[in-house]
Amino acid sequence: MPYYFAVADSLLVTLKQDPIFALTIPSKIQSYLACGKPIVAAIDGEAARVIQESGAGIAVAAENAEELADAVLRLYKMSTKEREEMGSRGRKYFEKNFESTKLVSELENWLLELS
């Protein structure tokens with residue numbers, strides 16, 4: 001997949017509209033953030049929050065084809081620089097929130113606090 005991520009202009013993620021899916025962040029979102037590409041998403045809940053909070057892309061409601069089409073067009077109409085900045089914000093968000101050594105360190109600290 002790294003080759004396809006590298007040559008893509010943006011990356012798409014969709015999930016069915018379901019309360020359980022609104023509680024999850026699909027691992028592909030972390031991968032997309034890590035590779036620094038803009039994200040277009042039709043997704044609800046936590047995953048949408050991460051995309052919006054990071055500034056890494058455009059998230060619309062799950063299963064809303066019209067909003068998704070509009071989001072794709074909005075991204076298409078952005079300048080290359082704007083899309084690159086969006087991807088860069090995603091990469092920075094990944095490093096701050098999902099990078100594995102950071103997560104392991106936090107887990108170790110939590111375990112030490114419990115002992």
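Trainee: Which strands does helix 2 lie across?

Mentor: Keep in mind that this is a predicted model. Helix 2, residues 27-35, lies across strand 1 and strand 2. Its direction is at about 160 degrees to strand 1.

Trainee: And the sheet itself, what is the strand order?

Mentor: The order is 1-2-3, in an open sheet of 3 strands with parallel pairing.

Trainee: Which strands stand at the edges?

Mentor: Strand 1 (11-14) and strand 3 (57-60). Each has a single partner strand, so one side of each has no neighbour in the sheet.

Trainee: How many degrees are neighbouring strands turned against each other?

Mentor: On average 10 degrees, with direction ignored.

Trainee: How many bridges join strand 1 and strand 2?

Mentor: There are 4 bridges, in the parallel sense, and strand 2 covers residues 39-42. Within that pairing, Val-13 is opposite Ala-41 of strand 2.

Trainee: Back to helices. At what angle do helix 2 and helix 5 cross?

Mentor: Roughly 115 degrees, and their axes come within 6 Å. Helix 5 is residues 80-97.

Trainee: Left-handed or right-handed?

Mentor: The crossing of helix 2 and helix 5 is left-handed.

Trainee: Which residues make the contact?

Mentor: Helix 2 contributes Gln-30, Leu-33 and Ala-34. From helix 5 come Gly-90, Arg-91, Tyr-93 and Phe-94.

Trainee: How many of those are nonpolar, polar and charged?

Mentor: In the contact of helix 2 with helix 5, 4 residues are nonpolar, 2 are polar and 1 is charged.

How values were computed: Residues are numbered from 1 along each chain as its sequence is written. This is a predicted model: local features need pLDDT of at least 70, side-chain atom pairs count only at pLDDT 80 or more; totals for chains, interfaces and linings use all residues. Side-chain values use heavy atoms; hydrogens and water are left out. Two strands pair if DSSP finds at least two bridges between them. Helices (H or I, at least four residues) and strands (E, at least two) are DSSP runs, numbered from the N terminus. Axes are lines fitted to C-alpha atoms, for helices over the stretch in contact, and angles run from 0 to 180 degrees between N-to-C directions. Contact means heavy atoms within 4.5 Å. A crossing is left-handed if the near helix is turned anticlockwise from the far one by less than a right angle, and right-handed if clockwise. Ala, Val, Leu, Ile, Met, Phe, Trp, Tyr, Cys and Pro count as nonpolar, Asp, Glu, Lys and Arg as charged, and the others, Gly among them, as polar.
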